[in-house]
Amino acid sequence: MEVRGPLNSNDGPKHRPLTPLRVLRGVLCLIVILLTAFMMLVYCAPVAAVTLQLFSRRYSRKLSSFIFGSWVALWPFLFEKINKTKVVFSGETVPARERVLIIANHRTEVDWMYLWDLALRKGRLGYLKYVLKSSLMKLPVFGWAFHIMEFISVERKWEVDEPIMRRMLSTFTDHQDPLWLALFPEGTDFTEQKCIRSQKYAAENGLPILKHVLLPKAKGFWACVEHLRSSLDAVYDVTIAYKHRCPFFIDNVFGLDPSEVHIHVRRIPLNDIPTSEDEATAWLTEAFRVKDELLSDFTAQGHFPNQGTEGDLSTIMCLLQVVHILHLQPISTFDHCQF
């Protein structure tokens, strides 16, 4: 059985060289992001996540989402305006303000951050929640924010994760609460070694042999669909590809890679998702077979079909957002120092 190498391998040269200026700029950006996150958590989170929670979960979530969304907007500004990474959207133009479940392929450790670029364009940045591995919830500063935003922590062992997921999902069923819930059904990022194991399993069980994605794990997907079916509008099937290298976190910070991020979106109404677990599992496997074809075509052609579904971010609006976040910091600090 032949295994094709990973799409956009990290073996090649960096898109941009690591210069002293890029190191300085990246460090300054990271310091600003960390400090503003810390200040938001110290001064705003207790009110949003604790005090207001005693009176209204809905309004607590609204305030938390506003605070988190204001801060997260710094990341697309870093990616698209400072680092000059081109983000290209394709597929379907999805409506704003829907309640959705997002399923995406997992190429590298920063895929989830580029979903912020789509959420920002749809006015849902503060309402984007993730199902993510528990180790990320333990990060200083970032992990605290993930807890406040009610991200779902998993150990990638279903017997451990099932009660946690179902308990958390039961709190997301109010259709009046905005929600974008993102799930990576592969359960881990793509590597050639993992691909070989996935292909071997597929061959032994009569499943599609995939070259650019791993076979998806359906338990978490089915739990999300089962609990939220009555309150969701659609599933967004998102496929992510990079030019010319898959980036790591440090590549993003210093603006080394990627040169382009391509994000293809399919919108599937909830009525098109099967209502039995076995059929939903088969549907998800087929969705990842389609992803694999899309990524094969991307390798050959350099783009996904139907490009240009979303425009560029407004530089003026990005700058105003940055000024707004930075303006809050000295005010909070000054007030804290008053006698």
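Let me begin with confidence, since what we have here is a predicted model. The protein chain averages a pLDDT of 87, and 89% of the residues score at least 70. Among the elements of the chain, strand β2, residues 100-104, has the highest mean pLDDT, at 98, whereas helix α2, residues 45-51, has the lowest, at 65. Two stretches call for caution: over residues 1-8 the pLDDT is below 50, although this stretch has 26 contacts in the model beyond near neighbours in sequence, and over residues 330-339 the pLDDT is also below 50, with five such contacts.

Now to the charged pairs. How many salt bridges does the structure hold? The count is 15, and I will take three of them in turn.

In one of them, the side chains of Arg61 and Asp177 meet at 3.1 Å, N to O. Arg61 belongs to helix α3, residues 57-72, while Asp177 lies in the loop between α7 and β5, so that the pair links distant parts of the chain, 116 residues apart. Are these two residues buried or exposed? Both Arg61 and Asp177 are buried.

Another pair is Arg166 with Glu226, whose side chains form a salt bridge at 3.0 Å, N to O. Because Arg166 lies in helix α7 and Glu226 in helix α9, residues 218-228, this pair ties together parts that are 60 residues apart in sequence. Arg166 is partly exposed, with a relative accessible area of 23%, and Glu226, at 42%, also counts as partly exposed.

Finally, Glu260 forms a salt bridge with Lys243, with the closest N and O atoms 3.7 Å apart. Here the link runs between strand β7, residues 260-269, which holds Glu260, and strand β6, residues 234-243, which holds Lys243, the two residues being 17 apart. Both Glu260 and Lys243 are buried.

To return to Arg61 and Asp177, salt bridges that share partners join these two and Glu150 into one network.

Note on methods
Residues numbered from 1 in each chain as written. Predicted model: local features only at pLDDT ≥ 70, side-chain atom pairs only at ≥ 80, totals over all residues. Heavy atoms only, no water. pLDDT = per-residue confidence, 0-100. Helix = DSSP H or I, 4+ residues; strand = E, 2+ residues; numbered from the N terminus. Contact = heavy atoms within 4.5 Å. Salt bridge = Lys/Arg side-chain N within 4 Å of Asp/Glu carboxyl O. Buried < 20%, exposed > 50% of the residue type's maximum accessible area, 1.4 Å probe, protein only.
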